[in-house]
Amino acid sequence: TSSSSSSSSSVTNQFKNIQIIDIDVNASAFKNWPAQLENINLNDIHRIFLAQCDTTYKSVISALQQRTVWMVSSTAVGGGVAEMLPMLIAMFHDIAIQIKWVVISPRKNSKEEKFFFNITKQIHNNIHGVFDVKCMEFLNNSHREVLELVAKQCCDEFMPLLRANDIIILHDPQPLAMVKFLRQSSSKHKIVWRSHIGIDQQNEISSKTWRFLKAYMNACDHVVFSLKAYIPAFIIHEQRVPYSVIPPAICPFTAKNIGLSHHELLRILTESDVICLNSDIP
């Protein structure tokens, strides 16, 4: 299991492609997650954000309490997804909604191990409109074969853990190809793809990469983007899969998201040598 996890999962060691990440949902839930400085009291969330949404809030909770929501990502540390999931899992635990977090990866020492993350890194860069012709080649069927091989291996271990009507949320491009094999299951799982990346103005590189991922997105029950500008044109125009725009789920109570005064900002920026205040300049 991940070194950042506070305890080992009893089922983790039998897997070669997936890890079940344990989150301590008690008072010390975030002791191993430096970005999350304190446990979050759901009453604070409700008081600040949900005071006008009681009816909808309660109906959603009731519908979810009979299911497991599976968060699927490719890393347990580093990056925005790994930062926000521990907080969300602990919060939902407070209202009796079971969320489990699964991290996927290629099998260790396999021939696809060195290719998989290179390909997904390229996809990430391409979606941001960046392409380095010196060290990359355009995505093609050989890349797709690696993605789907890893996706199938992950699904072979992941699918036996699922119950009927569970909800699966795939985060970012790395696990997206899993939808192809999850759809082969007879159970009625709801599959959502949550994209946390994008570019404000699509270019040729980003558009080609979205088309490379198109079949996987269309196989989902729903896709979610952080900004409307990030949505590929075919999602909007073809309307084959429902979509939503949801801003990133940050924690408003951690130190880095607390508002700062102008004096505090200047002090931090000068002490970090980001700016230099010269007393000779008026």
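**View 1. Lys214 and the ring of Phe234 in a predicted model.** Welcome to this predicted model. Here the charged end of Lys214 is placed over the Phe234 ring, and the distance to the ring centre is 5.1 Å.

**View 2. Arg144 over the face of Phe212.** This close-up turns to an arginine. Arg144 lies over the face of the Phe212 ring, 4.2 Å from the ring centre.

**View 3. Phe116 and Phe117 as an aromatic pair.** Searching the whole structure gives five aromatic pairs. One of them joins Phe116 and Phe117, whose ring centres are 5.0 Å apart. With 80° between the planes, the pair is edge-to-face.

**View 4. Trp193 and Trp210 in an edge-to-face pair.** The two ring centres of Trp193 and Trp210 lie 6.1 Å apart. Their planes meet at 75°, so this pair counts as edge-to-face. To find the partners, look for Trp193 in strand E5, which covers residues 190-194, and for Trp210 in helix H7, which covers residues 204-218. The pair therefore ties together parts that are 17 residues apart in sequence. Both Trp193 and Trp210 are buried.

**View 5. A cluster with Trp193, Trp210 and Phe225.** Ring pairs link Phe225 with Trp193 and Trp210 into a cluster.

How values were computed. Residues are numbered from 1 along each chain as its sequence is written. This is a predicted model: local features need pLDDT of at least 70, side-chain atom pairs count only at pLDDT 80 or more; totals for chains, interfaces and linings use all residues. Side-chain values use heavy atoms; hydrogens and water are left out. Rings of Phe, Tyr and Trp (its six-membered ring) pair if their centres lie within 6.5 Å; planes under 30 degrees apart count as stacked, over 60 as edge-to-face and the rest as tilted. Helices (H or I, at least four residues) and strands (E, at least two) are DSSP runs, numbered from the N terminus. Buried means under 20% relative accessible area, exposed over 50%, partly exposed in between (1.4 Å probe, protein chains only). A charge sits over a ring if NZ of Lys or CZ of Arg is within 6 Å of the ring centre and within 35 degrees of the ring normal.
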